[in-house]
Amino acid sequence: MNKFFMILGSAYKQKVKSKAFIFTTLITVAIIFLGFNFNVIIDMFNKSEEIETITVEAEPELKEGFEMLLPNHSETIKVTDDSTNILTIERDKNTLTSLINTEVELSSDDKNAIQNTLDQLHQTLVMQENNINPEAIAELNTKTDLTEKTADEDAPKSGFDDINPANMVIMYITLMLMFFIIIGYAGQVANDIAQEKSSRVIEMIVSSVSPTTHLVAKVSAIILSALTQILVFLIGGYIAFKTSNINEAVQKFDLEFSDNTVSIIIICIIYMLLGLLLYLSLAAMLGSFVSRMEDLQQSIMPLTFLSIGGFYIAMFSIATPGTILVKLSSYFPFFTPYVMPLRLIDPDTSLTEQFIGIIIMIISIVLIIWLTTYIYKRSILLTEGGMIKSIKKIFKK
């Protein structure tokens with residue numbers, strides 16, 4: 001056990017101290033901060049300013065109508081008689097023309113507010129001249145109501161109406177983190193094992209420690225480094241969120257936690273950890289088949305396809321978590337860590353089904369680790385021939 005922790009600690013320190021780990025972590029955290037402060041950065045390069053007052057030069061009817069309608073579109077702009085921002089309005093027959101002179105460039109919000117006010121003023125004048133009842137225009141603009149009723153009550157329903165937006169955001173974050181961490185670190189696991197074999201370093205390692213101990217320690221070290229990076233991302237994201245002014249924008253989306261949000265977060269973390277262990281163990285097994293570095297990319301292609309398959313099924317089904325495709329794929333071990341958390345936002349998914357998914361994952365991980373150690377011990381000293389030849393030699397022993 002001492003040798004296991006010695007290899008684990010050494011491999012972990014080597015990973016977290018590497019330039020690639022530090023560089024990618026810092027770049028990602030910087031991108032997170034830029035994302036949360038994107039509106040501030042845009043404002044730095046935006047020379048437009050919001051105005052507070054405006055003077056309207058027009059006929060009394062046009063001026064009174066504009067002043068009356070402006071509060072419907074802007075709460076900040078006030079009509080005064082001594083403003084440096086002057087709006088001139090003229091009307092020729094059925095055409096309304098206007099010109100605004102300002103000292104600074106108008107912001108997009110103020111420009112839209114003034115434009116919408118002028119459009120509404122024009123519409124009101126046309127209605128008055130043609131003796132059209134305003135209530136009749138309002139009724140014409142009212143949208144019809146379509147209610148859907150399905151004969152089969154068990155049929156999957158589509159749409160976002162019954163899905164908590166906060167839970168959906170959690171799903172997106174979980175899927176993105178899991179996908180990119182698995183793709184990035186799975187290649188590292190396979191690369192490390194294949195590199196040790198191709199450089200004959202493994203011959204010296206197995207003389208002092210068993211292949212199984214060495215393999216499990218290497219995979220565990222990479223999982224710990226992945227979790228360290230995820231933790232840094234989460235802490236950086238939390239700090240960026242708290243120090244930015246994006247809270248106001250988030251409040252507009254009405255993101256509120258539901259009664260099951262905490263349980264969703266916990267189960268998502270469990271599936272993320274199990275998914276990392278499953279795919280990294282598979283990467284170690286695929287790397288064990290490789291005798292030459294040239295065959296590495298070809299060897300991890302099945303893992304990449306499986307990960308992409310699970311990711312896309314979950315992403316394209318996030319609005320319809322109750323479909324047959326989602327239910328069936330959630331019990332396929334390599335899709336389970338992606339798809340089963342998605343089913344959490346479906347109210348028809350029971351806790352028993354979630355436990356079944358976790359049990360499937362645990363059994364699959366145990367089988368893959370056993371198979372990986374079996375293959376690793378038999379292929380560890382195979383350094384000649386292609387991947388297909390290595391597979392034949394391993395299972396002929």
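Student: How many residues does helix 5 have, and how far does helix 5 reach from its first C-alpha to its last?

Tutor: Bear in mind that this is a predicted model, where local features need pLDDT of at least 70, side-chain atom pairs count only at pLDDT 80 or more, and totals for chains, interfaces and linings use all residues. Residues are numbered from 1 along each chain as its sequence is written, and side-chain values use heavy atoms, with hydrogens and water left out. The expected span of a helix is 1.5 Å times one less than its number of residues, which gives 32 Å for helix 5 (residues 108-129). The answer is 22 residues and a reach of 32 Å.

Student: What counts as a helix or a strand here, and how many of each does the protein chain have?

Tutor: Both are DSSP runs numbered from the N terminus: H or I with at least four residues for helices, E with at least two for strands. On that basis, the protein chain has 17 helices and four strands.

Student: Which residues of helix 5 are buried?

Tutor: Buried means under 20% relative accessible area, exposed over 50%, and partly exposed in between (1.4 Å probe, protein chains only). Across the protein chain, buried residues make up 41% of the 397 residues. In helix 5 the buried ones are Asp110, Ala113, Ile114, Thr117, Leu118, Leu121, Leu125 and Met127.

Student: Which residue just after helix 5 takes a positive phi?

Tutor: Look at the stretch just after helix 5, where the phi in question is about 55°. The residue is Asn131.

Student: At what angle do helix 2 and helix 9 cross?

Tutor: Two packed helices are described by the angle between their axes and the distance between the axes. Axes are lines fitted to C-alpha atoms, for helices over the stretch in contact, and angles run from 0 to 180 degrees between N-to-C directions. For helix 2 (residues 19-36) and helix 9 (residues 211-243), the axes come within 9 Å. They cross at roughly 25°.

Student: Are helix 2 and helix 9 roughly parallel or roughly antiparallel, and what is the handedness of their crossing?

Tutor: Angles under 35 degrees count as roughly parallel, over 145 as roughly antiparallel, 65 to 115 as roughly perpendicular and the rest as oblique. A crossing is left-handed if the near helix is turned anticlockwise from the far one by less than a right angle, and right-handed if clockwise. So helix 2 and helix 9 are roughly parallel, and their crossing is right-handed.

Student: What about helix 1: at what angle do helix 1 and helix 9 pack, and how many charged residues does their contact have?

Tutor: Helix 1 (residues 2-16) and helix 9 have their axes 8 Å apart and pack at about 40°. That makes helix 1 oblique to helix 9, in a right-handed crossing. By class, their contact has eleven nonpolar residues and five polar ones, and the charged count is two.

Student: Which residues of helix 13 make the contact with helix 11?

Tutor: Helix 11 (residues 261-289) and helix 13 pack at about 160°, with axes 9 Å apart, which means helix 11 is roughly antiparallel to helix 13. From helix 11 come Tyr279, Leu282, Ala283 and Leu286. From helix 13 come Leu303, Leu306 and Ser307.

Student: Is Ser307 buried or exposed, and which residues is Ser307 in contact with?

Tutor: Ser307 lies in helix 13 and counts as buried because its relative accessibility is 0%. Leaving aside neighbours within four places in sequence, its contacts are Phe179, Ile182, Ile183, Tyr279 and Tyr338.

Student: Where is Asp346 found, and what does Asp346 touch?

Tutor: Asp346 is in the loop between helix 15 (336-342) and helix 16 (351-379), and counts as buried at 9% relative accessibility. Not counting residues up to four places away in sequence, Asp346 touches Pro321 and Gly322.

Note on methods
Contact = heavy atoms within 4.5 Å. Nonpolar A, V, L, I, M, F, W, Y, C, P; charged D, E, K, R; others polar.
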